[in-house]
Amino acid sequence: IDVANTNNDKEHLSIKMPYGIKDCEYYLAGVIEEPLDVGQPKHKQITIFISSEPKNIKLKYKGFCNYLYNNENATESLESNTPYSYAFFGQGVTYCKIEKLSSEGKLNVIIKEDGKIVFKSKPHDKNKAITYQANPPKR
């Protein structure tokens with residue numbers, strides 16, 4: 001690898017640096033790789049699945065989900081017809097509330113973090129809201 005000199009030194013315009021390739025990555029001789037802690041929290045993929053029973057009924061619903069993103073509170077609005085899924089990144093869900101607006105059918109809610117189910121409602125046929133309250137994730 002040629003490294004250019006930016007100090008206006010006419011005699012030494014560039015130098016050669018030895019390098020190697022391993023697993024399609026370049027490595028420079030004499031360089032130590034050290035991971036840096038940039039202070040960013042670990043984010044998870046948060047997925048919310050909302051479905052109906054029986055599956056052929058389209059239920060209208062409305063709600064929201066509170067979660068942490070970069071150590072700040074964030075809210076995702078949830079409003080559509082079943083079946084529907086939402087996916088976003090955050091540190092973890094803190095609270096969700098989903099209300100069934102249709103008079104027929106039953107509403108189901110599943111919340112996953114990195115593929116792991118953290119909440120699964122029972123089929124809900126009342127117009128009372130389905131809620132999920134989690135212990136606050138570690139910041």
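## Strand S5 and its partner S8

Ile46 has Phe88 in S8 as its bridge partner. Strand S5 (residues 44-53) and S8 run antiparallel and are joined by seven bridges; strands here are DSSP runs (E, at least two residues), numbered from the N terminus. The model is predicted: local features need pLDDT of at least 70 and side-chain atom pairs count only at pLDDT 80 or more, while totals for chains, interfaces and linings use all residues. Residues are numbered from 1 along each chain as its sequence is written, and side-chain values use heavy atoms, with hydrogens and water left out.

## The four-stranded sheet

S8-S5-S10-S11 is the order of four strands in an open antiparallel sheet, where two strands pair if DSSP finds at least two bridges between them. Strand S8 (84-90) and strand S11 (116-120) each have a single partner strand and stand at the edges, so one side of each is left without a neighbour in the sheet. On average, neighbouring strands of this sheet are turned by 20° against each other, direction ignored; the axes are lines fitted to C-alpha atoms.

The loop between strand S7 (72-81) and S8 contains Thr82. Thr82 counts as buried because its relative accessibility is 1% (buried is under 20% relative accessible area, exposed over 50%, partly exposed in between, with a 1.4 Å probe and protein chains only).

The side chains of Thr82 and Ser52 make a polar contact of 3.3 Å, that is, a pair of N or O atoms within 3.5 Å, one able to donate a hydrogen and the other to accept it; residues adjacent in sequence count only if both atoms are side-chain atoms. Beyond its neighbours within four places in sequence, Thr82 is in contact (heavy atoms within 4.5 Å) with residues including Ile50, Ser51, Ile57, Leu59 and Leu107.

## Aromatic pairs

The whole structure has four aromatic pairs, defined by ring centres of Phe, Tyr or Trp (its six-membered ring) within 6.5 Å; planes under 30 degrees apart are stacked, over 60 edge-to-face and the rest tilted. Tyr84 and Tyr86 form a tilted pair, because their planes stand at 55°, with the ring centres 4.9 Å apart. Tyr84 is partly exposed at 39%, whereas Tyr86 is buried at 10%.

Phe119 and Tyr132 are another tilted pair, 5.1 Å centre to centre with 40° between the planes. Phe119 lies in strand S11 and Tyr132 in strand S12, so this pair ties together parts 13 residues apart in sequence.

## Tyr132

Tyr132 belongs to strand S12 (residues 130-133) and is buried at 12% relative accessibility. The C-alpha atoms of Tyr132 and Ile98 are 9.1 Å apart, and the two residues are 34 residues apart along the chain.

Key. Axes are lines fitted to C-alpha atoms, for helices over the stretch in contact, and angles run from 0 to 180 degrees between N-to-C directions.
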